[in-house]
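Reader: I would like to learn how to read a structure like this one. Please show it to me first.

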Amino acid sequence: MAGSLKPKQDEEGCQDQMVRSNTFFHGGTSSLLSTLITFPVYKTVFRQQIHNAGVSEDTILHQLTPSSQNLISPSALPALAGFGAGMVEAVVCTPLERVQSVLQNGKNDRNLPTHKSILVRLNAQKRSSGYYRGLLPITARNALGSFIYFGLKKPLKAAVEGRGLSPVVSSFISGMLSSMVISLPLYPLTVLAANMQKQVGGEDKGVMASWKKLWESRQRSVALLYRGGSLVVLRSCISWGITTAIYDMQQKYSG
């Protein structure tokens, strides 16, 4: 009897190994596709919002000037434009994050093993519970993150350059510092969004109910809520440091 069960167990073991391999493959490909697809949007937002654009440029910053200059300090306009850009980014990118979260949840590997199967299921859902599940925390995270980044970029770079560092190093450090200020307080919103988006179907809980469930699952512990946060913050700091340095260098040589 035991001999007859062994081939079946071996077969199940092989299937589980394939499922685990597919988990990493799908998570990686979805992350890559998300980056490739959203990069033009992100780059456009990044280019347009980082400078005090002229009246002729069609940007969110343009919408705030010149009428807003009498009410708002010019130094605050990039931050406000960044806030608006973050909201636009959330609307565009939330469906992509939704698919990525479902793919990266190992519990979905058997029922939703491919991009196509996920898209079919999401298309059958209401927008609020399908593609745009978790929109509110993502909007809050992106809008506040962009607001902080564009508000701090120039002051931080000026402060770092004042210590005699080269422009490239100053841009890299200012990007890292901005990212750290953004990532640490906003990380819980990322965790909340990921938990709201990780499955398709089931009970459609709101933001507060999802937060309560998440908080209870972390045993009401801030340390457990931030589990894995150090790696996310480190990756974000390096990524934003490099992005800021490269962008500033391109702007310098392009005139």
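**Salt bridges, rings and a pocket**

Author: Lysine 153 is buried, its relative accessible area being 7%. Buried means under 20% relative accessible area, exposed means over 50%, and partly exposed lies in between (1.4 Å probe, protein chains only). This is a predicted model, in which local features need pLDDT of at least 70, side-chain atom pairs count only at pLDDT 80 or more, and totals for chains, interfaces and linings use all residues. Residues are numbered from 1 along each chain as its sequence is written, and side-chain values use heavy atoms, with hydrogens and water left out.

Reader: With which residue does the side chain of lysine 153 meet in a salt bridge?

Author: Side chains of opposite charge can pair when their charged atoms come close. A salt bridge is a side-chain nitrogen of Lys or Arg within 4 Å of a carboxyl oxygen of Asp or Glu. Here the partner of lysine 153 is aspartate 248, at 3.0 Å from N to O. The pair links distant parts of the chain, 95 residues apart: lysine 153 is in helix H5 and aspartate 248 in helix H9 (residues 229-254). Helices are DSSP runs (H or I, at least four residues), as strands are (E, at least two), and they are numbered from the N terminus. Aspartate 248 is also buried, at 12% relative accessible area. A network of salt bridges links Lys153, Lys157 and Asp248.

Reader: How many salt bridges does the count come to?

Author: The count is four salt bridges. One of them joins the side chains of arginine 141 and glutamate 97, with 2.6 Å from N to O. Arginine 141 sits in helix H5 (residues 135-161) and glutamate 97 in helix H3 (residues 77-104), 44 residues apart. Arginine 141 is buried at 15%, whereas glutamate 97 is partly exposed at 22%. In another salt bridge, the closest N and O atoms of arginine 220 and glutamate 216 are 2.5 Å apart. Arginine 220 counts as exposed, at 53% relative accessibility, and glutamate 216 as partly exposed, at 36%.

Reader: How is the aromatic pair of tryptophan 211 and tryptophan 215 arranged?

Author: Rings of Phe, Tyr and Trp (its six-membered ring) pair if their centres lie within 6.5 Å; planes under 30 degrees apart count as stacked, over 60 as edge-to-face and the rest as tilted. Five aromatic pairs are counted. Tryptophan 211 and tryptophan 215 are stacked, with 6.1 Å centre to centre and 15° between the planes. They are separated by about one helical turn, because they lie four residues apart in helix H7. Elsewhere, ring pairs link Tyr149, Phe150 and Trp240 into a cluster.

Reader: Which helix gives the most to the lining of the second largest pocket?

Author: On a 1 Å grid over the protein atoms alone, a pocket is an open set of points where a 1.4 Å probe fits, with protein on both sides within 12 Å along at least five of seven lines; lining residues have an atom within 4 Å of a point. H7 gives the most to this lining, with four residues. The second largest pocket holds about 360 Å³ of space. Of the 17 residues that line this pocket, the closest to its centre are Arg133, Asn195, Gln199, Glu203 and Lys213. Helix H6 (167-197) and helix H7 (207-217) each supply at least two residues of the lining.

Definitions and conventions: Grid points are joined across faces, edges and corners, and a volume is the space filled by probe spheres set on the points.
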